[in-house]
Amino acid sequence: MTLEEKKEFFKQDRFAVETTGLEIISVGENTAKVKLKIEERHLNGLGFLMGGAYFTTADFAFAVATNDDVNKVVTSSSTINYLRSVKGDELYAEAKLLKNGRSICF
């Protein structure tokens, strides 16, 4: 799928696109890069980017890289390690499908 086709396809992911404000910025064969423009609504009580915003950004990149009009994939397990807080006002996540099995992908 082209970038525009992916954007159209993922308009239905209302939480990622409308509520969170994530944007698909590039796609390739089983790859995707997404961006979150950080706003006040994404910050926790300490003024840092909310952990859920990091997680949603990563999960959305995975979804864009692995789903299209033929393949329908959902996450069965995922983890994240927070190493440091984001610097600047944008957060990017990239995903690449490494193995596409019968019922599971990595």
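The entries below follow that order.

**Basis.** I am working from a predicted model, in which local features need pLDDT of at least 70 and side-chain atom pairs count only at pLDDT 80 or more, while totals for chains, interfaces and linings use all residues. Residues are numbered from 1 along each chain as its sequence is written, and side-chain values use heavy atoms, with hydrogens and water left out.

**Pockets.** I took a pocket as an open set of points on a 1 Å grid over the protein atoms alone, where a 1.4 Å probe fits and protein lies on both sides within 12 Å along at least five of seven lines; lining residues have an atom within 4 Å of a point. The largest pocket holds about 590 Å³ of space. Its lining has 22 residues, and F62, T75, S77, S78 and C105 are the closest to the centre. Helix α3 (51–66) gives the most to this lining, with four residues, and I sorted the lining by class into ten nonpolar, eight polar and four charged residues.

For the second largest pocket I noted about 220 Å³ and a lining of 14 residues, with Y54, N81, L83, R84 and L91 nearest the centre. Both α3 and β3 supply at least two residues each to that lining.

**L49.** I next looked up L49, which lies in the loop between β2 (31–37) and α3. L49 counts as buried because its relative accessibility is 7% (buried is under 20%, exposed over 50%, partly exposed in between, with a 1.4 Å probe and protein chains only). Leaving out residues up to four places away in sequence, L49 touches L36, I38, H42, L43, N44, Y54, V86 and L91, where contact means heavy atoms within 4.5 Å.

**Aromatic rings.** I counted three aromatic pairs, taking rings of Phe, Tyr and Trp (its six-membered ring) as paired if their centres lie within 6.5 Å, with planes under 30 degrees apart stacked, over 60 edge-to-face and the rest tilted. F10 and F60 pair edge-to-face, at 5.6 Å centre to centre and 90 degrees between the planes. This pair links distant parts of the chain, since F10 is in the loop between α1 (3–9) and α2 (14–20) and F60 is in helix α3, 50 residues apart. F10 is buried at 6% relative accessibility, and F60 is buried at 2%.

Y54 and Y82 also form an edge-to-face pair, with 5.6 Å between centres and 65 degrees between planes. Y54 is buried at 14%, whereas Y82 is partly exposed at 45%.

Note on methods:
Points joined across faces, edges and corners; volume = space filled by probe spheres on them. Nonpolar A, V, L, I, M, F, W, Y, C, P; charged D, E, K, R; others polar.
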